[in-house]
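I opened the notebook to look up a few parts of this structure. The entries follow in the order in which I checked them.

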Amino acid sequence: MPSGKKGVPKAHPHYHGHEAKPTAHLDASSSALFHTDFSYSSELLSFLDGKQLLPQEIPFPSDLIQAHHEHGYLSYEKGLTKTKHGWRCARCGNEDPHFFATFPCARCQAMCTYCRKCITMGRVSECTPLVTSRVRFPSVSYPNPLAWSGTLSPGQKRAAEAVEKAIMGNGELLVWAVCGAGKTEVLFQGIARALEIGKRVCIATPRTDVVRELAPRLKQAFPSVPLIALYGGSDDRGKFAPFVISTTHQLLRFSRAFDVMVIDEVDAFPYSVEPMLEYAVAKARKETSSLIYLTATPKRSWQRDVRHGKRQAVTIPARYHGFPLPVPAFEWCGNWRKQLKRRRLPRNVLAWVQSRIEAGKQAFFFIPHIEVIDPVVRIFKQLDERIEGVHAEDPQRAEKVQAFRDGRLPLLVTTTILERGVTVPNIDVAVLGAEDRIFTESALVQIAGRVGRSAQHPSGDIRFFHYGKTREMVAAKRHIERMNKEAAERGMIRR
């Protein structure tokens, strides 16, 4: 029996019986009477606990699944339901007609509608049931689960207390903390209290890189608690744990699973622009649960709500080490795109890179679009053969990032995929084409936040190379300066 699954499960309180039907001709209201004398499979039920899955995602015999449905332990729910205006997908919440299509279905012997919005996670169609468990196992508590022995700064301590209060009161809270403030450590106290009383916890983030970075840190902080990391291709998919760190996309497979939901980097792409992911978060939470948002760059409407007292929030305007945030410098570099077409780059850009190589200082070099990477890397390799480039579709993405972490690469050319979530102690950062629309205030603040994150190296150079200053560039610089000013006024900056 899986860890944390002890005792006899209890039926959902609102259970009513109907005759079982074949899955291809599912009646949404169909369910079976709960049979307490049924010899249930604890492995199957624990696998499905808090999940909503397609039948082909369940690694158990179909007759076993059907028997559990007939005896009231599992529910078959329609994947698609008819609405006034078309269809609605139960897994991702999509109702946009543009994201539905039809195909000749061998299962129902008809033209069958399916959802294209979440197709990458398996096809949900008219005749596809989504399988959920109708039982709950007793929760397991973990006494004194936190093994972290670090200390919190005054700003972190204040935020940690606010997080704990929100978790214990099933409330909602925004933690607005500058890059490098130690947001993860701020969660520890509240998560520990939740695990002590048997709450199930999820930290969700839009980026796979962030999941990979946080998972080992969290396992080290909570060594006695089973923890799984979920992302595309993860080995932990299908496992149960009371503590989960997941990409927001993977939450589409959950339903009413978590007592505590933490959304890290709530402003990051794709969560910030994809309503489906917000729906996934809402579906994965239990009806009574807490919701904690973490970000260094909340969207402007949220910032206004915080200022006007319309959103519960706690701010940390200084990093844990007490040094001010490095402020970016703007440097005009002319029409760099035109020069790149001629296989050249502006002299001041090359000089900046050359000086990093000579000083032995690692650097991130951000570019606005994937097609720029190869020509830029070819030019930089004339300065140092070890320089590499990376982007979201790069099959060697993880290996290159790790090589940079290990100090084997002097400079890494990257798109905005590395604007957050990757921490290297002592680096400088440059942006080429900071005027591009991809570089929003939020993105530029996050990029600047890669610098000066460690107490041993609290400063560094941030250079925005541009062909004309933009409002977003100016807003990003002002954002950083405003946080430094607030931190100084609150006595959080070292003198």
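Helices (H or I, at least four residues) and strands (E, at least two) are DSSP runs, numbered from the N terminus. The model is predicted, so local features need pLDDT of at least 70, side-chain atom pairs count only at pLDDT 80 or more, and totals for chains, interfaces and linings use all residues. Residues are numbered from 1 along each chain as its sequence is written, and side-chain values use heavy atoms, with hydrogens and water left out.

Entry on β11. I looked at strand β11, residues 227-230. Leu227 and Ala229 point one way, Ile228 and Leu230 point the other way, and all are buried. I then noted that two strands pair if DSSP finds at least two bridges between them. β11 pairs with strand β12 (residues 243-247) in the parallel sense, over four bridges. I found Ser246 in β12 as the bridge partner of Leu230.

Entry on the hairpin. Which way do β5 and β6 run, and how many bridges join them? They run antiparallel, and six bridges join them. The two strands form a hairpin with four residues between them, and Gln109 in the turn has a positive phi of about 55°. Cys105 has Ala110 in β6 as its bridge partner. I also looked up Ala106, in the loop between β5 (100-105) and β6 (110-115). Is Ala106 buried or exposed? Ala106 counts as exposed because its relative accessibility is 63%. Its C-alpha atom is separated by 39 Å from that of Ile203, which is 97 residues apart from Ala106 along the chain.

Entry on α3 and α4. Axes are lines fitted to C-alpha atoms, for helices over the stretch in contact, and angles run from 0 to 180 degrees between N-to-C directions. The axes of helix α3 (residues 154-168) and helix α4 (residues 183-196) come within 8 Å and cross at roughly 30°. Angles under 35 degrees count as roughly parallel, over 145 as roughly antiparallel, 65 to 115 as roughly perpendicular and the rest as oblique. α3 and α4 are therefore roughly parallel to each other. Contact means heavy atoms within 4.5 Å. Among the residues that make this contact are Ala159, Val163 and Ile167 of α3 and Val186, Leu187 and Ile191 of α4.

Entry on α4 and α5. The axes of α4 and helix α5 (residues 208-221) come within 12 Å and cross at roughly 35°. Thr184, Glu185 and Phe188 of α4 meet Leu214, Arg217, Leu218 and Ala221 of α5.

Entry on the open sheet. In what order do the six strands of the open sheet come? I read the order as β16-β21-β20-β17-β19-β18, with parallel pairing. β16 (329-332) and β18 (388-390) are the edge strands, each pairing on one side only. Neighbouring strands of this sheet are turned by 20° against each other on average, direction ignored. Helix α12 (residues 441-448) packs on the sheet and touches β17 (362-366), β20 (427-432) and β21 (462-466). The direction of α12 makes about 150° with that of β20. Val390 has Thr414 in β19 as its bridge partner.

Definitions and conventions. Buried means under 20% relative accessible area, exposed over 50%, partly exposed in between (1.4 Å probe, protein chains only).
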